Amino acid sequence: NWHISDKALVSLIDLCTDICKRNGIKELNFTGNKNGNLTMHRYFAATACPGDYLASKFPYIAEEVTRRLKIAREEK
């Protein structure tokens, strides 16, 4: 089921936040399909990646990254 640790999840959120900041992305949007700017490998290839556990975290990841980006903009 490819469970990842809480520490790995926080690191993933840190990485996504950094990528968004460096590329001027103001919001991470997970739509559950190819239309968002946070997508899953399985949308583009015949794979189970990222696995059900991590896939279930995508709405949370998008929400947390967007929250952090908003805070960073407000601090400027």
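Helices (H or I, at least four residues) and strands (E, at least two) are DSSP runs, numbered from the N terminus. The model is predicted, with local features requiring pLDDT of at least 70 and side-chain atom pairs counted only at pLDDT 80 or more, while totals for chains, interfaces and linings use all residues. Residues are numbered from 1 along each chain as its sequence is written, and side-chain values use heavy atoms, with hydrogens and water left out.

**View 1**
T17 is part of helix α1. Its relative accessibility is 5%, so T17 counts as buried; buried means under 20% relative accessible area, exposed over 50%, and partly exposed in between (1.4 Å probe, protein chains only). Apart from its neighbours within four places in sequence, T17 is in contact with V65, R68 and L69, where contact means heavy atoms within 4.5 Å.

**View 1. The salt bridge between D14 and R68.**
The side chains of D14 and R68 form a salt bridge with an N to O distance of 2.4 Å. The pair joins distant parts of the chain, D14 being in helix α1 (residues 6–22) and R68 in helix α2 (residues 52–75), 54 residues apart. A salt bridge is here a side-chain nitrogen of Lys or Arg within 4 Å of a carboxyl oxygen of Asp or Glu. D14 is partly exposed, at 39% relative accessibility. R68 is also partly exposed, with a value of 25%. Side chains of opposite charge can pair when their charged atoms come close. The structure has 5 salt bridges.

**View 2. The network around E64.**
Salt bridges link D14, E64, R67 and R68 in a network. E64 belongs to helix α2 and is buried, with a relative accessible area of 13%. Its side chain makes a polar contact of 2.6 Å with the side chain of R67. A polar contact is a pair of N or O atoms within 3.5 Å; within protein, one must be able to donate a hydrogen and the other to accept it, and residues adjacent in sequence count only if both atoms are side-chain atoms.

**View 3. The salt bridge between R22 and D18.**
R22 and D18 form a salt bridge in which the closest N and O atoms are 2.8 Å apart. The two residues are 4 apart in helix α1, so about one helical turn separates them. R22 is exposed, with a relative accessible area of 57%, whereas D18 is partly exposed at 36% relative accessibility.

**View 4. The salt bridge between D52 and R42.**
In the salt bridge of D52 with R42, the closest N and O atoms are 3.7 Å apart. D52 lies in helix α2 and R42 in the loop between α1 and α2, so the pair ties together parts 10 residues apart in sequence. D52 counts as exposed at 55% relative accessibility, and R42 as partly exposed at 29%.

P50 lies in the loop between α1 and α2. The peptide bond from C49 to P50 is cis, with omega near 20 degrees. Most residues other than glycine have a negative phi, and most peptide bonds are trans. N35 is found in the loop between α1 and α2 as well, and is exposed, with a relative accessible area of 65%. A distance of 16 Å separates the C-alpha atoms of N35 and A55, which are 20 residues apart along the chain.

**View 5. The largest pocket.**
The largest pocket holds about 150 Å³ of space. Its lining consists of C20, K21, G24, I25, K26, L69, A72, R73 and K76. The elements giving two or more residues to this lining are α1 and α2, and α2 gives the most, with 3 residues. By class, the lining has 4 nonpolar, 1 polar and 4 charged residues. On a 1 Å grid over the protein atoms alone, a pocket is an open set of points where a 1.4 Å probe fits, with protein on both sides within 12 Å along at least five of seven lines; lining residues have an atom within 4 Å of a point. Grid points are joined across faces, edges and corners, and a volume is the space filled by probe spheres set on the points. Ala, Val, Leu, Ile, Met, Phe, Trp, Tyr, Cys and Pro count as nonpolar, Asp, Glu, Lys and Arg as charged, and the others, Gly among them, as polar.
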